[in-house]
Amino acid sequence: MESISRISNLLESARELTLDAAQAARSSRSTARTLPVPHLKKLLDSRNDREVLDGLRRVISMMYRQQKTLTFFSSVVKNVASPNIEIKKLVYIYLIHHAEQEPDMALLSINTIQKSLSDSNPQVRALALRTMSGIRVPVISQIVSLAIKKGVVDMSPHVRKAAALAIPKCYRLEPSTLPQLLENLTTLLGDKQYFVAGAAVSAFNEICPDRVDLIHKHYRSLVKKIVDMDEWSQLAMLRMVTIYARKCFPRRTRRAKAKDKSADLQDFYGDASSESVSEGEQVVILDPDLVLLLNSIKPLLQSRNSGVVVAVARCYVDIGTAEYTKAAVGPLVALLRGAQDIQQVALYNIVSVCLAHPESFVRHASHFLVRATDTAPVWELKLEVLTLIFPHSPLQMKSLILNELEHFSRGTNKSLVREAVRAIGRCAQGDPATASRCMRLLLGQITSLDGTLAAESLTVIRHLIQQDPQAHVGTVVRLAKNLDSATDPQARATIIWLVGEFAGLNGEDNIAADVLRILLKEFADESEIAKRQIVLLAAKVYLHHLNREAEAQKADDGKQGPPPNAEDDHPIARLWRYVLLLVRYDTSYDLRDRTRLYKALLGVPQLATLMLLAPKPAPQAPSPSETRRGFALGSAALVLAGGGGVHGLRGYENLPEWVPEGREPDPRLRDTEGVRNEYADERRAVPAAQRLGDGRAVAGRSNGVGGASAVGPGTGAKTLDDWLAEDEEEGEEEVEEEEGEESEGGEEEEEEEEEEESEEDDDEEEEEEEEEESDQESDDAKAELEGFLNR
């Protein structure tokens with residue numbers, strides 16, 4: 001009967017599994033079809049778990065499709081006491097979503113959820129705690145706090161993790177519960193399970209990120225667990241230890257002393273002197289606990305999560321040294337193999353690091369070459385990286401970068417052409433040795449039919465000329481000759497401005513007046529931006545003429561002459577009067593006003609000289625990401641706040657400054673002596689001396705009488721050298737005893753030999769007797785066998 005009942009149970013189980021599989025397959029195809037409300041309520045009120053589960057799945061599907069499901073609240077909540085864990089999960093999801101809209105009905109289920117906290121299944125307990133903390137009803141804040149306190153001491157680590165994740169929810173629900181939550185959080189931070197500690201760190205960052213005193217005694221164990229944590233916990237942990245390091249580890253530096261190669265040669269030949277030692281750079285001295293952190297997070301650079309890699313790089317940049325930052329360069333560059341959105345975010349972080357350490361990226365320059373499939377933000381950032389590493393690259397790499405930029409400057413994408421030309425200008429500014437080649441590249445493009453290319457090239461040429469004006473006089477003459485072929489208004493305006501800047505060189509033997517004469521022939525057909533520069537050029541040429549005449553008159557008479565006559569017949573004076581007539585009848589109000597201003601200024605040549613001929617500072621073309629300098633790696637402000645002001649995005653918080661030396665917390669607070677490290681110390685190899693010392697200490701206390709006082713003062717604290725010294729002393733004592741007993745040893749040996757001989761005789765007699773007995777037994781057996789056969 002037992003076998004029949006067993007078989008029937010197996011068949012029933014197989015039938016249930018078949019029905020469940022068919023129901024799941026059917027529901028996956030038909031869940032999208034909404035059933036009438038009465039039909040759904042009938043399913044929810046059914047006593048069959050399969051039908052209730054089907055109804056709950058349909059309700060949850062409607063809920064996530066933004067359909068109204070509040071009418072099923074009472075029918076769903078009454079299934080909270082179901083023993084089926086699948087039903088419990090769906091009911092809890094529905095309850096969390098609608099608890100705020102129906103707080104009274106939600107409170108009716110709190111008792112049942114509290115009972116689930118004592119369930120034998122840890123999954124049910126964790127789910128109940130997660131649900132209770134997710135019900136955003138302020139009345140139950142104390143109940144949630146008690147549930148968290150119970151979950152903190154639960155045997156299951158999954159329940160403890162749920163308690164850690166519930167702490168921020170309870171704090172947001174009722175901030176007055178913070179003291180109790182801090183006690184529970186302190187316990188969870190010291191949990192031996194890494195995923196519980198990771199959740200506790202996430203809660204710490206949310207409710208009390210400034211309470212570093214809670215971290216002191218758990219700092220080393222948390223640092224050792226970071227490698228095993230999940231990605232979200234690793235991100236929270238890296239953010240927490242960065243702030244902790246700034247507040248607890250002062251930045252100490254010392255001046256390193258290094259020897260030159262010549263000093264080494266002098267040492268070799270014996271001619272060294274005390275003057276060979278020279279002081280070097282400031283070297284950062286890291287705290288041992290900070291070194292433990294920086295070395296512990298190094299394996300995370302191989303993480304599959306790009307956010308973790310960027311977070312480790314942020315730690316190395318913010319609290320590490322240049323050597324640690326260089327170790328993060330390779331993993332950061334490896335992120336460029338990911339999707340385009342990851343590439344863009346990774347490039348923002350790469351540019352931020354490259355601004356401070358450009359030489360570290362030189363060996364990875366080939367990864368920043370622009371590809372045809374790159375989006376606009378990606379190739380903009382790649383060009384920026386190329387210009388940053390250009391001054392630190394070898395000659396071969398510099399040639400490659402310039403060839404790439406020249407190629408893209410001749411493309412069809414106007415945005416890419418503009419950025420490539422600007423990048424050539426930044427390369428010339430960063431490395432003056434290549435400025436001549438960059439100038440040749442740009443001069444070859446001013447005659448291009450592409451107005452954008454010509455205008456950008458001339459703008460960059462103007463910047464380069466202003467860096468060293470005396471060395472580019474011939475360049476200005478060449479640009480003036482190409483003025484007829486330049487058709488872009490901005491390009492023509494740039495050339496005219498440059499001619500005006502050099503109008504005072506070589507006195508009257510200057511091309512500026514002749515260029516002005518040619519331009520005035522077609523003044524009416526010029527664009528407004530070019531007309532402004534022509535009027536400015538005329539004012540500068542006329543002002544130089546006035547200054548030359550004043551100097552000549554002063555040299556002749558030795559006195560300051562009167563202002564020159566307005567009716568001067570000099571060609572330059574007539575050109576100025578002609579400009580005034582042309583502008584008088586121009587349609588542009590702005591141009592007419594500018595001309596009146598220049599005319600008034602020229603009435604006082606000294607003031608006009610200060611205003612129009614003042615030396616201009618050389619313009620600098622900084623990297624476009626200079627506005628992002630200082631933002632933390634991995635932050636949204638780094639990506640979105642480019643050019644958005646000094647303060648970045650709302651909510652962004654800068655890292656705290658390094659704690660001044662002498663004000664840091666006592667390092668002994670991080671010592672864990674007397675506290676068993678359950679995470680890592682169990683696997684550590686224990687030295688033999690320590691093991692022997694502990695053995696003697698235990699042996700001294702095993703009788704239970706003397707306790708600590710019964711053991712000698714040095715027991716358990718001896719080193720291996722002490723034990724070896726004792727072994728040597730014992731060996732010497734044994735040798736002395738052997739020498740003293742040699743005389744007695746002879747007699748004892750003789751007696752022992754006699755005893756051995758007598759024992760050997762006895763053994764031989766016993767063996768003979770055993771052989772005789774065995775022969776007799778064999779004869780008796782043969783006789784019995786013969787008698788049996790004769791029968």
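Author: Happy to! Helix H26 is mostly covered, with 10 of its 13 residues buried. Please keep in mind that this is a predicted model.

Let's start with the length of the helix. H26 runs over residues 489-501, and at 1.5 Å a residue its 13 residues should span 18 Å. The C-alpha atoms at its ends lie 19 Å apart, which agrees with that expectation.

Now for the covered part. The buried residues of H26 are Ala 491, Arg 492, Ala 493, Thr 494, Ile 495, Ile 496, Trp 497, Leu 498, Val 499 and Gly 500. An α-helix has 3.6 residues a turn, so residues three or four places apart point the same way. What do the buried residues of H26 pack against? Their partners are four other helices: H24 (451-467), H25 (473-481), H27 (512-521) and H28 (528-557).

Ser 409 has a relative accessible area of 0%, so it counts as buried, the limit being under 20%. A polar atom of the Ser 409 side chain lies 2.6 Å from the backbone oxygen of Glu 406. Setting aside neighbours within four places in sequence, Ser 409 is in contact with Val 417, Ala 420, Val 421, Gln 445 and Leu 453. One of these, Leu 453, has a number that falls within the 451-467 range of H24, a helix that the buried residues of H26 pack against.

A search of the whole structure turns up 0 disulfides.

Finally, here is the setting for all of this. The chain has 35 helices and 2 strands, and buried residues make up 41% of its 791 residues. Among contacts between residues at least 6 apart in sequence, 66% join residues at least 24 apart. The chain exposes about 45600 Å², with carbon and sulfur atoms supplying 51% of that area.

Key:
Residues numbered from 1 in each chain as written. Predicted model: local features only at pLDDT ≥ 70, side-chain atom pairs only at ≥ 80, totals over all residues. Heavy atoms only, no water. Buried < 20%, exposed > 50% of the residue type's maximum accessible area, 1.4 Å probe, protein only. Contact = heavy atoms within 4.5 Å. Areas by Shrake-Rupley, 256 points an atom, 1.4 Å probe, with all protein chains shown as cover. Disulfide = S-S within 2.5 Å. Expected span 1.5 Å × (residues − 1). Polar contact = N/O pair within 3.5 Å; in protein donor to acceptor, adjacent residues only side chain to side chain.
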